[in-house]
Amino acid sequence: VEALTRGWGALAPWLLVLYCAVVPGALADVLQQQAQVAVRAAEASLLLASEPVWAALLGLPFLGEAVSNGVLLGGLLIFLGAALAVTAPPLRVSITTSTTDL
């Protein structure tokens, strides 16, 4: 246990951990918000809904992960669901109120 906790009192590693936790996350949030303003809501939702698919695809070359049939099926379902949501015609709902019902 002592070997694992050695160096915990040093400030530099904690500052590095804090920087790595805050700066990339904040930068990603700001860039995402700016990009969402520049594109239509349907396109933004398609891209954001496909995030697990991109994570799995990038895990192949960078982390050497294997892709099972279940992962492929899940990615396909995510993509098809998002594409259907983007391409489906908008649902028109008419709401009528009557003063006699009150």
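1. What radius of gyration does the chain have, and what would a compact globule of 102 residues have? The chain has 23 Å, whereas a compact globule of that length would have a value near 13 Å. The radius is taken over C-alpha atoms, and the globule rule is 2.2 Å times the number of residues to the power 0.38. Along its principal axes the C-alpha trace spans about 75 × 40 × 30 Å.

2. The model is predicted: local features need pLDDT of at least 70, side-chain atom pairs count only at pLDDT 80 or more, and totals for chains, interfaces and linings use all residues. Residues are numbered from 1 along each chain as its sequence is written, and side-chain values use heavy atoms, with hydrogens and water left out.

3. The chain holds 5 helices and 0 strands, in the order α-α-α-α-α from the N terminus. Helices (H or I, at least four residues) and strands (E, at least two) are DSSP runs, numbered from the N terminus.

4. Helix H3 (residues 41-49) packs on helix H5 (residues 69-87) at about 175°, with the axes 9 Å apart. H3 is therefore roughly antiparallel to H5 (over 145 degrees; under 35 is roughly parallel, 65 to 115 roughly perpendicular, the rest oblique). Ala42, Ser45, Leu46 and Ala49 of H3 meet Ile78, Ala82, Ala83 and Val86 of H5, contact being heavy atoms within 4.5 Å. By class, this contact has 7 nonpolar residues, 1 polar and no charged.

5. The axes of H3 and H4 come within 5 Å and cross at roughly 40°, so the two helices are oblique to each other. Leu47, Leu48 and Ala49 in H3 meet Glu51, Pro52 and Trp54 in H4.

6. The largest pocket contains about 160 Å³ of space. Its lining includes Pro52, Val53, Leu60, Val71 and Gly74. Helix H4 (51-63) and H5 are the elements that give two or more residues to this lining. The lining residues divide into 9 nonpolar, 2 polar and no charged. A pocket is an open set of points on a 1 Å grid where a 1.4 Å probe fits, with protein on both sides within 12 Å along at least five of seven lines; lining residues have an atom within 4 Å of a point.

Note on methods. Axes fitted to C-alpha atoms, helices over the stretch in contact; angles between N-to-C directions. Nonpolar A, V, L, I, M, F, W, Y, C, P; charged D, E, K, R; others polar. Points joined across faces, edges and corners; volume = space filled by probe spheres on them.
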